[in-house]
Amino acid sequence: MNKKLIIQFASFCFLLVLTACKKEIVLPINDQSKPSAALLQVKELKSSDNEMEFELDVVVFRDSKNIEYQLDKDNFYIDTIQHRINFSVTDVDLIKGKDKQPYQVLMLMDQSGSISGTDRNNYRLQAADIFSRNLGQGGEAMLWSFPNRNYKYVVKKNMEKFTSDSVLLSKHIDSLLGKTGGGTPLYQSQDSALVFLNKDQSKTAKFLLTFTDGEDGNRNQAENSIYKAKRDHIALFNVGLKSRAEPMQIRQANETGGAYLLAKEAQQLISFFGNLGNLLNKSATYYKTTWKITVSKGNPPKDYRAPIYLKIKLPYSEEPLEVPFFLQN
C-alpha cells in the first residue's frame with residue numbers, strides 16, 4: 001500500500017471514530033410546545049460563614065410527550081450574584097421515577113380578565129386537554145376555575161367529582177373558552193379547593209394544581225393554604241404564566257412537596273401539562289443537582305429577596321431554560 005493510500009485510510013478510520021463517539025441529540029417533536037422545567041425541591045445540605053451546599057431537584061420537559069434525559073453537569077449553571085456570591089455545580093444525577101401510583105388532582109384554572117392578553121391563543125386550555133388525555137392508569141382529575149365573567153363566585157366548581165373520563169374532562173375544559181373576566185382571588189380559591197379535597201375520604205394521593213398569570217396580595221390566606229396542605233398531605237403544584245417568579249407560589253410548592261413552573265411563554269404550558277401525569281404518579285425522571293456557594297463578602301444568600309435562577313442549556317435551543325428558586329432559613 002503506497003503512502004497516499006495509507007494516509008487516506010487513516011483519515012477514514014479517524015472519521016469513523018469521530019462519528020461513533022458523537023452523541024446523537026434527540027430533538028423535540030413538532031407539537032406547538034416549547035421546552036420547560038419545573039422546580040421540585042430546594043434543600044440545604046450544610047452551611048458555614050462563607051460557604052453553603054444545597055440540593056436542587058428539577059424536571060425538564062422536552063415536548064408534550066417526553067421528559068428530557070440527555071443532560072449532564074455542563075448543561076446546568078447559576079450566574080454569580082452581585083460579584084460576590086459564586087455558584088458551582090458539584091454533582092448532577094438523573095433519578096429514575098418510581099412505579100406508577102394512583103392520584104387525584106384538582107385543576108384550578110385562572111380565568112381572570114388578564115388571561116385574554118397573556119394567553120391569546122388559549123394554550124393553557126390546549127395543554128389541560130392534552131393532560132386530560134394522558135392521565136395514565138389510576139389517574140383522576142377535576143376542573144375548577146376562578147373567577148368567571150359574571151363574577152358570581154370566588155371559585156367556580158366546573159366539576160363536582162374526580163373522573164378518568166378524558167372526553168368529559170375535555171368538555172369542561174372547552175367550556176372555559178372565551179369566558180374570562182374579573183380579578184384574581186387566587187388564595188381564597190385555593191382555600192376552597194383544599195377544604196373540598198380534605199372532605200374526600202379516599203386514601204388516593206391528592207394534588208392541587210393552580211394555574212395563574214397573576215398574584216394575590218393576601219399573604220395570610222396563602223400561609224393558611226400551606227398549613228392546610230401540609231396538614232392534609234396535599235401537594236401544591238403552582239404554574240405561573242408570567243415574566244418573573246412569585247416568591248409565595250414557589251414557597252407553597254416547596255413546603256408541601258409539590259412543584260413550581262415559571263412559564264414565560266404560553267407554549268411551555270403544553271410540554272408541562274403533557275407530562276404532568278407522569279409527574280403526579282411519581283414515574284417521572286428528574287435531575288438531582290448539588291451546588292456549592294462561595295461568598296467573597298457577607299453571608300450566603302438565605303432569604304435573598306430576589307429569586308435566584310438555575311439556568312439549563314438545552315442541546316437544541318439557544319436560550320436556556322430558567323428555574324427560579326429561593327434559599328430560605
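**Ser 33**

I looked up the contacts of Ser 33 first. Setting aside neighbours within four places in sequence, I find Ser 33 in contact with Asp 63, Ser 64, Gln 267, Ile 270 and Ser 271. I note here that the model is predicted. Ser 33 sits in the loop between α1 and β1.

Next I checked the backbone at Gln 32. Its phi is near 75°, a positive value in a residue other than glycine. I flagged this because most residues other than glycine have a negative phi. Gln 32 also belongs to the loop between α1 and β1. With a relative accessible area of 43%, Gln 32 counts as partly exposed.

I stayed in this loop for Val 26. The loop runs between α1 (3–21) and β1 (36–47), and Val 26 lies in it. Val 26 has 30% relative accessibility, so I list Val 26 as partly exposed.

**Lys 282**

I looked up a further positive phi. At Lys 282, phi is near 75°, and this residue is not glycine. I place Lys 282 in the loop between α8 (268–280) and β10 (286–295). Its relative accessible area is 34%, so Lys 282 is partly exposed.

**Val 58**

I then moved to strand β2 (residues 51–61), where Val 58 is found. Val 58 has 0% relative accessibility and therefore counts as buried. What does Val 58 contact, leaving aside neighbours within four places in sequence? I noted Ala 38, Leu 39, Leu 40, Phe 76, Tyr 286, Tyr 287, Leu 310, Ile 312 and Val 323. I also looked at Val 58 against Lys 288. The two are 230 residues apart in sequence, yet their C-alpha atoms are 6.7 Å apart in space.

**Helix α5**

I checked the length of α5 (residues 186–199). Its 14 residues should span 20 Å at 1.5 Å a residue. I get 21 Å between the end C-alpha atoms, which agrees. The expected span uses one less than the number of residues.

Which residues of α5 are buried? I list Leu 186, Tyr 187, Ser 189, Gln 190, Asp 191, Ala 193, Leu 194, Phe 196 and Leu 197. I then asked what covers them. Among the strands that cover the buried residues of α5 are β5 (103–110), β6 (139–146), β7 (205–212) and β8 (234–241). Helices α6 (219–231) and α7 (247–255) are also part of the cover.

**Whole chain**

I count 8 helices and 12 strands in the chain. Of the 329 residues, 50% are buried. I took the contacts between residues at least 6 apart in sequence. Of these, 75% join residues at least 24 apart. The contact between Val 58 and Tyr 286 came up above. The chain exposes about 16,400 Å².

Note on methods. Residues numbered from 1 in each chain as written. Predicted model: local features only at pLDDT ≥ 70, side-chain atom pairs only at ≥ 80, totals over all residues. Heavy atoms only, no water. Helix = DSSP H or I, 4+ residues; strand = E, 2+ residues; numbered from the N terminus. Buried < 20%, exposed > 50% of the residue type's maximum accessible area, 1.4 Å probe, protein only. Contact = heavy atoms within 4.5 Å. Areas by Shrake-Rupley, 256 points an atom, 1.4 Å probe, with all protein chains shown as cover.
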